[in-house]
Amino acid sequence: MTQRLRLFPQHWPIGLKLFVLIISVSLIPLVIGFFLRYGEGKRILLGEGLRHLDALSEQVAQSVEIHLARRIDEARSLAGHMALNMKEGERRLAAFLNLYPNFLGAAVAERDGAVSLSVGRRVLNHMGEREFFLRALAGSPSASRPFLEGGLAVQAFAAPLTTEERGGVDGVLVLYARAEEFWEVIERVRGRDPSEAVVIVSDRLGIRLAHSTRRDLIFRSWAPLPKEEAGTILSRKELGSDVRVITATDLQDVLAAVRKPTPPRRFDHRLVVGGMY
């Protein structure tokens, strides 16, 4: 007669029960130690990741600041040497563009925004309510967002034109560069980074201005903007005449963090597998 295999503990011999009990008790410290070490390891990895994130963001900020400051200084320097008479001004702009071929073109705008002089690529005929123009008109050299105009991605650098006789701002000098120059600054920083980090730059409104891996997401907001605000940006052509609609992804938590009066140094948001950042 075949003996039935006894699988339930109540059927086990006393010796086997003691053996299992001793093994179980012996494993408890190991299990506790494993979870403690797992938690400690997780904290260490998280700390390393945050330190790396801080270092990378600092690199990006410095690279962007250096690039923009250099271009703004070039606009300010040229504006300081500009003569406002048409013939002399055209000669100076042409000489500058020959010396700095990375610029597409240069222009002089009157106080009302009308372009009175243009050399090289003529990007705008009227500055209108463009933010970079208004800041320069108020006396502060500035850089624009990248914008799309006539099928070309452009960034403008503006500086006020002043005369000693009048002692005020008589117009604005604008230099145009390819927006790719700005985007490549971001891509180079990411290229030097050994991690899989994606570097994205957005403005205070939550519109992406640069993306290290997805240029097709540039000019798109993290999430839909308020209609009135989006309408103002479009009417002022801050993103260029080619942008008729501000399309968006669906990352509301990122948009909320970016738009805070004092944005956090870092924040967490949900993981979007296969999504668009």
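## Order of elements

From the N terminus, the elements of the chain run α-α-β-β-α-β-β-β-β-α-β-β-α-α. That comes to six helices and eight strands. Both are DSSP runs numbered from the N terminus: helices are H or I with at least four residues, strands are E with at least two. The model is predicted: local features need pLDDT of at least 70, side-chain atom pairs count only at pLDDT 80 or more, and totals for chains, interfaces and linings use all residues. Residues are numbered from 1 along each chain as its sequence is written, and side-chain values use heavy atoms, with hydrogens and water left out.

The chain has 277 residues, and 38% of them are buried. Buried means under 20% relative accessible area, exposed over 50%, and partly exposed in between, with a 1.4 Å probe and protein chains only. Contacts are heavy atoms within 4.5 Å. Of the contacts with a separation of 6 or more, 56% join residues 24 or more positions apart.

## His67 in helix H1

Helix H1 spans residues 14-81 and includes His67. His67 counts as buried because its relative accessibility is 4%. Beyond its neighbours within four places in sequence, His67 is in contact with Gln155, Glu181, Phe182 and Val185.

## The second largest pocket

The second largest pocket has a volume of about 310 Å³. Its lining holds 17 residues, with Ala143, Ser144, Arg145, Asp203 and Leu209 nearest the centre. H1, helix H3 (131-137) and strand S7 (200-202) are the elements that give two or more residues to this lining. H3 gives the most, with three residues. By type, the lining divides into eight nonpolar, three polar and six charged residues.

The terms are set as follows. On a 1 Å grid over the protein atoms alone, a pocket is an open set of points where a 1.4 Å probe fits, with protein on both sides within 12 Å along at least five of seven lines; lining residues have an atom within 4 Å of a point. Grid points are joined across faces, edges and corners, and the volume is the space filled by probe spheres set on the points. Ala, Val, Leu, Ile, Met, Phe, Trp, Tyr, Cys and Pro count as nonpolar; Asp, Glu, Lys and Arg count as charged; the others, Gly among them, are polar.

## Aromatic pairs and charges over rings

There are four aromatic pairs in the structure. Rings of Phe, Tyr and Trp (its six-membered ring) pair if their centres lie within 6.5 Å; planes under 30 degrees apart are stacked, over 60 edge-to-face, the rest tilted. Ring pairs link Phe96, Tyr100 and Phe103 into a cluster. Phe96 is buried at 9% relative accessible area, and Phe103 is buried at 5%.

Two arginines sit over rings. Arg130 places its charged end over Phe147, 5.3 Å from the ring centre. Arg208 lies over the face of Trp222, at 4.2 Å from the ring centre. The test is NZ of Lys or CZ of Arg within 6 Å of the ring centre and within 35 degrees of the ring normal.

Phe219 is not a glycine, yet has a positive phi of about 75 degrees. Phe219 lies in the loop between strand S8 (208-211) and helix H5 (227-235), and is buried at 9% relative accessibility.

Lys237 is not a glycine either, and has a positive phi of about 60 degrees. The loop between H5 and helix H6 (252-258) holds Lys237. At 38% relative accessibility, Lys237 is partly exposed.
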